[in-house]
Amino acid sequence: MTIAEKGELIIRDIKKETGINPVKIFKNIAKNDYINIHGPEHHILDGASILVAYKNAGGEIDLDAALDKLMCEGSRMPGAMCGLWGICGAISSVGAALAIIDGTGPLSTDGTWGDHMQFTSKAAGELGTINGPRCCKRDAMIAFKNGIEYINSHYCATLEMEDVKCEFSSRNQQCIKEKCPYYVGNNY
């Protein structure tokens, strides 16, 4: 299945979500068999989870247009960009969602350009202290934690965050186990 095909399934299924917790939305979609434990489909899923939660919390966006734009941006991010480019696709995906919410572009002077850079650098810094190898689920949780903090402090919509426990470690052959802040053992 191509990334475009996976992206279409993500967008189809994520539109059915009604919650304001992007982690729960993400987990609901990530359990589908078309989502790999690692892969560039997360570059669409992660930002889409933020957009849906934001809209469900009263955020004023055209969700269909926002998801179409996120699909386009997420599809341009290559797999393995964390190791090859030095920036995590989960963080970039959530950063793209913030840019979509604000209508930010490369020439924006309203402050959002800098705010989004601060979001991505804070999240990437946190991820960098954990070190590799990559884990698309762990990286998503860090992107969500920082993205939720950003949204709750910058917008009128308030998103929920849970105490995250990893439900995917038994499927991840490169799991760093106790070094991961979300690891609880292979009990799932």
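Which helix supplies the largest share of the lining of the largest cavity? That share, three residues, comes from helix H8. The structure is a predicted model, in which local features need pLDDT of at least 70, side-chain atom pairs count only at pLDDT 80 or more, and totals for chains, interfaces and linings use all residues. Residues are numbered from 1 along each chain as its sequence is written, and side-chain values use heavy atoms, with hydrogens and water left out.

**Overall fold**

- The protein has eight helices and zero strands; helices (H or I, at least four residues) and strands (E, at least two) are DSSP runs, numbered from the N terminus.
- From the N terminus on, the order of elements is α-α-α-α-α-α-α-α.
- The radius of gyration is 15 Å, close to the 16 Å that the globule rule gives for 188 residues, so the protein is as compact as a globular protein of that length. The radius is taken over C-alpha atoms, and the rule is 2.2 Å times the number of residues to the power 0.38.
- The C-alpha trace spans about 45 × 35 × 30 Å along its principal axes.
- Of the 188 residues, 51% count as buried; buried means under 20% relative accessible area, exposed over 50%, and partly exposed in between (1.4 Å probe, protein chains only).
- Among contacts with a separation of 6 or more, 66% join residues 24 or more positions apart, a contact being heavy atoms within 4.5 Å.

- Helix H3 covers residues 42-56, and its 15 residues reach 21 Å from first C-alpha to last, close to the 21 Å expected at 1.5 Å a residue. The expected span is 1.5 Å times one less than the number of residues.
- H3 is largely enclosed by the rest of the structure, because 13 of its 15 residues are buried.
- Just after H3, Gly-58 takes a positive phi of about 100°.
- Gly-59 lies in the loop between H3 and H4 and counts as buried, at 6% relative accessibility.
- Leaving aside residues up to four places away in sequence, Gly-59 touches Tyr-54 and Ala-157.
- Gly-59 and Cys-88 are 29 residues apart in sequence and 26 Å apart in space, C-alpha to C-alpha.

**The cavity**

- The structure holds one cavity of 30 Å³ or more. On a 1 Å grid over the protein atoms alone, a cavity is a set of points where a 1.4 Å probe fits but cannot get out, and a pocket is an open set with protein on both sides within 12 Å along at least five of seven lines; lining residues have an atom within 4 Å of a point.
- The largest cavity has a volume of about 140 Å³; grid points are joined across faces, edges and corners, and a volume is the space filled by probe spheres set on the points.
- Its lining has 20 residues, of which Cys-135, Lys-137, Arg-138, Cys-166 and Cys-180 lie nearest the centre.
- By class, this lining has 11 nonpolar, three polar and six charged residues. Ala, Val, Leu, Ile, Met, Phe, Trp, Tyr, Cys and Pro count as nonpolar, Asp, Glu, Lys and Arg as charged, and the others, Gly among them, as polar.

**The largest pocket**

- The largest pocket holds about 590 Å³ of space.
- It is lined by 21 residues, with Glu-73, Ser-92, Gly-95, Ala-96 and Ala-99 nearest its centre.
- Helix H4 (63-76), helix H6 (89-102) and helix H7 (112-130) each supply at least two lining residues, and H6 gives the most, with five.
- The lining residues divide into 11 nonpolar, seven polar and three charged.

**The second largest pocket and Asp-139**

- The second largest pocket holds about 230 Å³ of space.
- Its lining has 14 residues, of which Cys-82, Cys-88, Leu-127, Gly-128 and Asp-139 lie nearest the centre.
- The elements that give two or more residues to this lining are H7 and helix H8 (136-154); the largest share, three residues, comes from H7.
- The lining of the second largest pocket divides into seven nonpolar, four polar and three charged residues.
- Asp-139 is found in helix H8 and counts as buried, at 4% relative accessibility.
- Not counting residues up to four places away in sequence, Asp-139 touches Cys-88, Ala-90, Leu-127 and Arg-134.
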